[in-house]
Protein chains: 2
Amino acid sequence: MRIGELSRRTGVSVPTIKYYVREGLLPAGQLTSPNQAAYEETHVRRLRLIRALLDVGGLSVAGIREVIAAVDDPGRPVHDMLGTAADRVVPRYDDGTDGPGERLAAARETVNALVERRGWRGHADAPAAESLAIALAALDNVGHGGFAEVLDDYAAAAERVARADLDYVSRNVVREELVESVVVGTVLGDAMFAALRRLAHADASDRVFGTEA
Amino acid sequence: MRIGELSRRTGVSVPTIKYYVREGLLPAGQLTSPNQAAYEETHVRRLRLIRALLDVGGLSVAGIREVIAAVDDPGRPVHDMLGTAADRVVPRYDDGTDGPGERLAAARETVNALVERRGWRGHADAPAAESLAIALAALDNVGHGGFAEVLDDYAAAAERVARADLDYVSRNVVREELVESVVVGTVLGDAMFAALRRLAHADASDRVFGTEA
């Protein structure tokens, strides 16, 4: 197809498509004349992946380049490819302080112990492990270090959600679209769960506090 | 205590304390001379609440004023006071489109059916219900409307987390600090769960995809 059709099918403007080609995010089309190139279905899929990483995942062009390198490496195992993509969409809680120091070190210990206790496979220096430690240190910092006692309930709930996610992905997503689905599902799944947690809070709060005058 | 000690105890600068008093967020101290006022423990607690709403919850001054009005209203039931605070810290997923229209209407139906199915008490027009509908519509928009099939797994996980949250709050938090704890716990709990979901993903992905070459 011509670049105009590629633009219509993906909703990405022609100048933006050309920009992605220049930045090395999208392979150039096959030249059919000095001024015309032909594009394939692989370009449609790649553009959808780029837009998902950009619009939903909030990645920079450099971050997208790294994910795409992982996708394009035929020797890279799927698990590793997905991990590279997922590591780029880890939300970071910034507590605005100059680093809690000792608290963060203790929180990292807590996270390592949790990962070991749950038998979770994966590297301990994953960005998500550090994000969790930062959130725990921030809780400790505002006097709620005891909140760490709910960690195992949270972890069990996260396992249930992750199983549902992977189950959906393995049944519904073809290999070519795995990374796109993981990025979209990771970010939108966060939003879904945060909203559901609030709805469940309202219900639990009504049951605990709702009967008083 | 003098304003200097209040500043030291809370880490909030004296000019900022005066600004909060002018904005009506913090009650003025008791004047002990034309140029001096005395502050109490209630001021320390209120400053901590303001900072939690501001730094952790990301609320505006107007939003903080609304939460504080709910906290200060002695006739307001605890459940309602907590709901007012929680409704202010609902993260919104912005899909950047001009509104999915029909998709959003269908997603709202899905959310209403879910709330009914789970027997969740609470008003259907809660900001969290709308956030959930927006996330579902966005998923549909990128071709993953089928992901809604995981909703009940997510909801069951959210119930477990909410029970653990309320259990912690009812055992560890005095009434005066309830709102502060709910705001901090809501925002930092989101960050905790998002990180745990990624760690659980890495484990689940390793089990599903990790054995291939």
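**Exercise 1. Find which residues of helix H8 in chain A meet helix H8 in chain B.**

Solution. A:Asp153, A:Tyr154, A:Ala156, A:Ala157, A:Arg160, A:Val161 and A:Ala164 of H8(A) meet B:Asp153, B:Tyr154, B:Ala156, B:Ala157, B:Arg160, B:Val161 and B:Ala164 of H8(B). Contact here is a matter of distance: two residues qualify if their C-beta atoms, placed from the backbone, lie within 7 Å. Helices (H or I, at least four residues) and strands (E, at least two) are DSSP runs, numbered from the N terminus.

Next, sort these residues by class: the contact of H8(A) with H8(B) has 10 nonpolar, no polar and 4 charged residues. Ala, Val, Leu, Ile, Met, Phe, Trp, Tyr, Cys and Pro count as nonpolar, Asp, Glu, Lys and Arg as charged, and the others, Gly among them, as polar.

A note on the model and its numbering: this is a predicted model, in which local features need pLDDT of at least 70, side-chain atom pairs count only at pLDDT 80 or more, and totals for chains, interfaces and linings use all residues. Residues are numbered from 1 along each chain as its sequence is written, while chains are lettered from A and ligands numbered from 1 in the order in which they are written.

**Exercise 2. Describe how H8(A) and H8(B) pack.**

Solution. Two packed helices are described by the angle between their axes and the distance between the axes. For H8(A) and H8(B), residues 151-172 of chain B, the angle is about 175° and the axes are 9 Å apart. Axes are lines fitted to C-alpha atoms, for helices over the stretch in contact, and angles run from 0 to 180 degrees between N-to-C directions. Angles under 35 degrees count as roughly parallel, over 145 as roughly antiparallel, 65 to 115 as roughly perpendicular and the rest as oblique. H8(A) and H8(B) are therefore roughly antiparallel to each other.

**Exercise 3. Work out how chain A is related to chain B.**

Solution. Two copies of a chain are related by a rotation about an axis and a shift along it. Here a rotation of 180° with 0.0 Å of shift along its axis places chain A on chain B, with an RMSD of 0.1 Å. That is the relation of a two-fold axis. The superposition is by least squares on the C-alpha atoms of residues with pLDDT of at least 70 in both copies. In chain A, the C-alpha nearest the axis belongs to A:Ala157, 2.3 Å from it. The same surface serves both copies, as 100% of the contact residues of chain A recur in chain B.

**Exercise 4. Describe the side of chain A that touches chain B.**

Solution. Start with the count: 73 residues of chain A are in contact with 73 residues of chain B. The elements of chain A that give two or more residues to this side are helices H3 (41-56), H5 (78-88), H7 (127-141), H8 (151-172) and H9 (178-209). H9(A) provides the largest share, 23 residues. By class, this side of chain A has 45 nonpolar, 14 polar and 14 charged residues.

**Exercise 5. Decide whether chain A is a compact globule or more spread out.**

Solution. Chain A has 9 helices and 2 strands. From the N terminus on, its elements run α-α-β-β-α-α-α-α-α-α-α. The radius of gyration of chain A is 22 Å, well over the 17 Å that the globule rule gives for 213 residues, so chain A is more spread out than a compact globule. This radius is taken over C-alpha atoms, and the globule rule is 2.2 Å times the number of residues to the power 0.38. The C-alpha trace of chain A spans about 75 × 40 × 35 Å along its principal axes.
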